[in-house]
Amino acid sequence: MSNLQRIIWLASYPKSGNTWLRNLLAQYFMPDGKAPDINNLRQFTTGDTRRDFYEAAAGEPFVNKSVEEWLTIRPKALRMIAASRPNHHFVKTHCMAVNYMGQDLIPSEVTAAAIYVIRNPFDVVLSYARHLSTDIDTTIGVMTNPDMIVGLPENGIYDALGSWDNNVASWTTAEGLSHYVVRYEDLLDKPAKTMRGLLGKFLKVQVDSRKLARAIKASSFEAMKAFEDKHGFFEKPKDMKSFFAKGQAGVWRDELTPEQVERLRDAFKPTLEKWYPEVLAEAETFLKTAS
């Protein structure tokens, strides 16, 4: 049997910058003039919710399936995804890297490495609320639910998200998993430096400054939003007005109530202390000022 450890996971909790990073990598690695637009990223990357792979693995239309049926078919679908390209390739996922109901969601037999994109949860909740077309308090409930799994039976394919902090921990502390963490805020503030770290230190490629500058320009928030405004974005939920809404960091200061900030701080404090100590300090100051 050939080695199927070809997948480099592009993992994240939803609304943390996965699409942005996929586009950056596509723009960097694809030849001049050949990089796909955001509606054709599957030419460069794929994802673990691709229906065509599940249907090929199941041998039938993959609709109206239970979570148990999804878990039964997922390992075969992932092997087919891994085998779909001859060398290492990127695959998007929002699932936790855990054993879920007896199945490893991220099996070692198909995994080469992982890139985990993390974003501060005070900003994630605003973007995710828009994505879900629901209110912020409900979205906080989603993000703090350790048993959260999303997907509909009529779709048949699910994402076992867990809570925001469990999702983060599952990838960043996974035993034996070669991984690299990219903070959304660092990508926003210092895109060239952040991408050089990912490309050079982790992916071990010789960084081409011209290609990197071109990729950053083509993947700017303004460029992707302009494309969506003109052509639409097929990954956008049908009830969502715009997928690319603000693309900023720190918006939470103006949009969250003290009660909402306190809920998120209390739920995620240990993870914030590890990955976002400066944001945690801001939240503490915010709460003191508001009291």
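Predicted model: local features only at pLDDT ≥ 70, side-chain atom pairs only at ≥ 80, totals over all residues.

User: Why is N167 called buried?

Analyst: Buried means under 20% relative accessible area. N167 has 0% relative accessibility, so N167 counts as buried. Its place is in helix α6, residues 164–172.

User: Which residues is N167 in contact with, leaving aside its neighbours within four places in sequence?

Analyst: They are S12, Y13, H94, C95, M96, Y116 and L161. Contact here means heavy atoms within 4.5 Å.

User: How do you know that strand β6 is largely enclosed?

Analyst: Strand β6 covers residues 111–118, and seven of its eight residues are buried, so the rest of the structure largely encloses it.

User: What makes β6 a paired strand, and which strands are its partners?

Analyst: Two strands pair if there are at least two bridges between them. β1 and β6 run parallel with six bridges, and V117 in β6 is the bridge partner of S12. Strand β9 (residues 179–183) is joined to β6 by five bridges, also in the parallel sense. There, I118 is opposite R183.

User: Why does strand β2 count as paired with β3?

Analyst: The requirement is at least two bridges, and β2 (residues 46–47) has two to β3, so they pair, in the parallel sense. One of the links is G47 with K92 in β3. β3 is also joined to strand β1 (residues 7–12), by five parallel bridges, with I8 opposite F90.

User: What makes β3 mostly covered, and which residues lie on each face?

Analyst: In β3, residues 89–93, five of five residues are buried. In a regular strand the side chains alternate between the two faces of the sheet. H89, V91 and T93 are on one side and F90 and K92 on the other, and all are buried, so both faces are covered.

User: What lines the second largest pocket?

Analyst: This pocket has a volume of about 270 Å³. Among its 13 lining residues, I106, S108, A174, E175 and L177 are the closest to its centre. The lining divides into six nonpolar, five polar and two charged residues.

Terms used: Residues numbered from 1 in each chain as written. Heavy atoms only, no water. Helix = DSSP H or I, 4+ residues; strand = E, 2+ residues; numbered from the N terminus. Buried < 20%, exposed > 50% of the residue type's maximum accessible area, 1.4 Å probe, protein only. 1 Å grid on protein atoms, 1.4 Å probe; cavity = no way out; pocket = protein on both sides within 12 Å on 5 of 7 lines; lining within 4 Å. Points joined across faces, edges and corners; volume = space filled by probe spheres on them. Nonpolar A, V, L, I, M, F, W, Y, C, P; charged D, E, K, R; others polar.
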